[in-house]
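Okay, thanks for letting me have a few minutes.

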Amino acid sequence: MATPLKSVTVAVAPLAAAGSEAAEQRLPLTYFDMIWLYFHPIQRLLFYHHPCSKTHFFENIVPNLQKSLSQTLRHYLPLAGNLIHPLDSGMPELRYVAGDTVPVTFAEASEELDFNYLTGNQARDADKFHSLVPDLPESRTEYSEPPLRNIPLLAIQVTLFPEKGLCIGFTNHHVVGDASTIVGFINAWSSIAKLGQNDGVSVAENISLPFYDRSVIKDPSGRANIFWNQMKLFQPGSTDPKPPPANKKTRSTYILQKTDIQNLKNSVSAKAPDLVHLSSFTVTTAYVWSCLARSAAAAGESVADDEPEYFGFAVDARHRLDPPAPAAYFGNCVAFVVAELTHGRLKDEEEGFLAAAELVGGLIGKKVNRKDELMRDADDWLVKYGPLMGKRVMGVAGSPKFDLYGTEFGWGKPVKYECVSIDVEVNESISLCKSREFDGGLEIGLCLPNQKIEAFETFFYHGLKF
């Protein structure tokens with residue numbers, strides 16, 4: 001595995017507000033958070049084309065990133081804190097205390113890491129990306145009463161490719177927040193870094209500050225306690241989420257342009273004119289799901305026609321709660337939706353994509369877009385969806401609504417976004433975001449064994465020939 005030639009790790013603390021340093025901030029875990037207690041870390045990469053020397057990097061860029069991060073963390077204290085996990089009794093919670101910090105590694109990429117290769121869309125060795133994302137620090141035991149395990153929540157790495165560009169890697173524990181929360185933090189940091197603010201006070205004029213009041217998440221049935229008791233049954237030997245192991249997977253990116261998406265919509269509406277919800281998300285995920293099923297045999301997988309195939313996706317529940325939570329709510333606030341088809345039907349060349357689109361579109365129209373339906377089965381999420389781990393499930397990381405390609409630190413927009421953590425999903429997962437190059441297009445990231453990537457690519461491009 002490739003490793004950076006040189007690196008230095010510093011501890012960045014939140015900038016203290018004038019006259020009032022927060023001594024402690026605690027946040028209880030809601031039932032939305034509890035689900036992610038033992039989930040693997042989420043790892044993201046943003047690549048920027050910004051040719052610069054090592055001298056300029058360490059003398060100019062590094063100080064600005066440290067200063068702006070400190071200013072940003074003032075508004076995101078929990079990210080500098082820890083997950084406090086009880087070893088005996090009590091509920092886990094998030095806790096920041098004065099002195100808590102975020103580890104930030106500044107590194108120089110090794111010569112074997114080619115910036116242009118890594119930022120392409122072609123098939124690439126997935127292991128090449130792992131040295132660009134940091135590991136979360138090891139947890140530590142606090143011998144208090146009761147004894148606690150302190151589990152860090154965020155780590156950052158900035159890697160210089162001399163005279164080529166930069167890469168910023170983020171690793172976070174999912175329990176601290178969903179994509180909306182983490183992307184909000186990344187956008188805040190980039191805005192402050194780009195604006196070069198002296199004290200970060202005017203950040204409120206440029207971004208939405210996080211909303212921390214957990215009372216907006218109503219839990220009259222004690223769902224958080226129910227989930228905590230269920231999660232304890234699944235608790236692994238260690239509470240430290242593990243980084244991705246080395247693997248022999250291939251990472252590729254596929255683009256659906258606006259015309260491709262419209263053609264897919266037209267093909268569905270011609271055969272299912274009564275389908276109410278026919279969005280870009282619907283046809284994109286349905287198309288990728290069907291292509292993955294069709295590529296199974298070519299990849300050497302033996303799958304019976306009656307074996308279930310699942311597609312699971314998370315839905316931002318903030319504005320779908322009753323009453324709704326603020327858009328800037330800090331934490332996890334996603335509900336779950338799962339579609340199911342048999343393998344034989346999903347892989348069908350003529351009807352597989354149509355069946356998937358009808359099912360996904362129908363679920364969005366009948367469940368996602370109806371507040372009373374989305375949360376109806378929430379009490380059963382763990383017992384209902386937990387057993388799907390290890391089965392034939394396609395998940396999706398990210399959403400077209402999160403535009404990470406608009407994240408500017410002062411070096412222009414990113415040239416590539418990668419979700420590294422889809423490498424280690426027990427089930428197959430894709431990443432999904434807006435296209436950087438094509439207005440109205442979508443970018444799909446996959447990380448699969450090379451044989452399956454090649455088979456998928458054949459079906460993917462062939463099906464777009466309308």
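So, the second largest pocket holds about 360 Å³ of space. Keep in mind that this is a predicted model. Who lines that pocket? There are 17 residues, and the ones nearest its centre are Arg 294, Glu 349, Glu 350, Phe 353 and Gly 463. If you're looking for it by element, α7 (258-271), α8 (280-298) and α10 (352-368) each give two or more residues to the lining. By class, the lining of this pocket splits into seven nonpolar, six charged and four polar residues.

The largest cavity comes to about 60 Å³. Its lining includes Arg 44, Ala 179, Val 183, Phe 402 and Leu 432. Two elements, α5 (179-195) and β17 (428-434), supply at least two lining residues each. The lining of the largest cavity has seven nonpolar residues, two polar and one charged.

On to the second largest cavity, with a volume of about 40 Å³. Which residues line it? That would be Thr 253, Tyr 417, Glu 418, Ser 431, Cys 433, Glu 443, Ile 444 and Gly 445. Tyr 417 and Cys 433 also turn up in the lining of the largest cavity. Strands β16 (416-419), β17 and β18 (442-449) each bring at least two residues to the second largest cavity, and β18 has the largest share, with three. By class, that lining has three nonpolar, three polar and two charged residues.

That's it from me.

Key. Residues are numbered from 1 along each chain as its sequence is written. This is a predicted model: local features need pLDDT of at least 70, side-chain atom pairs count only at pLDDT 80 or more; totals for chains, interfaces and linings use all residues. Side-chain values use heavy atoms; hydrogens and water are left out. On a 1 Å grid over the protein atoms alone, a cavity is a set of points where a 1.4 Å probe fits but cannot get out, and a pocket is an open set with protein on both sides within 12 Å along at least five of seven lines; lining residues have an atom within 4 Å of a point. Grid points are joined across faces, edges and corners, and a volume is the space filled by probe spheres set on the points. Helices (H or I, at least four residues) and strands (E, at least two) are DSSP runs, numbered from the N terminus. Ala, Val, Leu, Ile, Met, Phe, Trp, Tyr, Cys and Pro count as nonpolar, Asp, Glu, Lys and Arg as charged, and the others, Gly among them, as polar.
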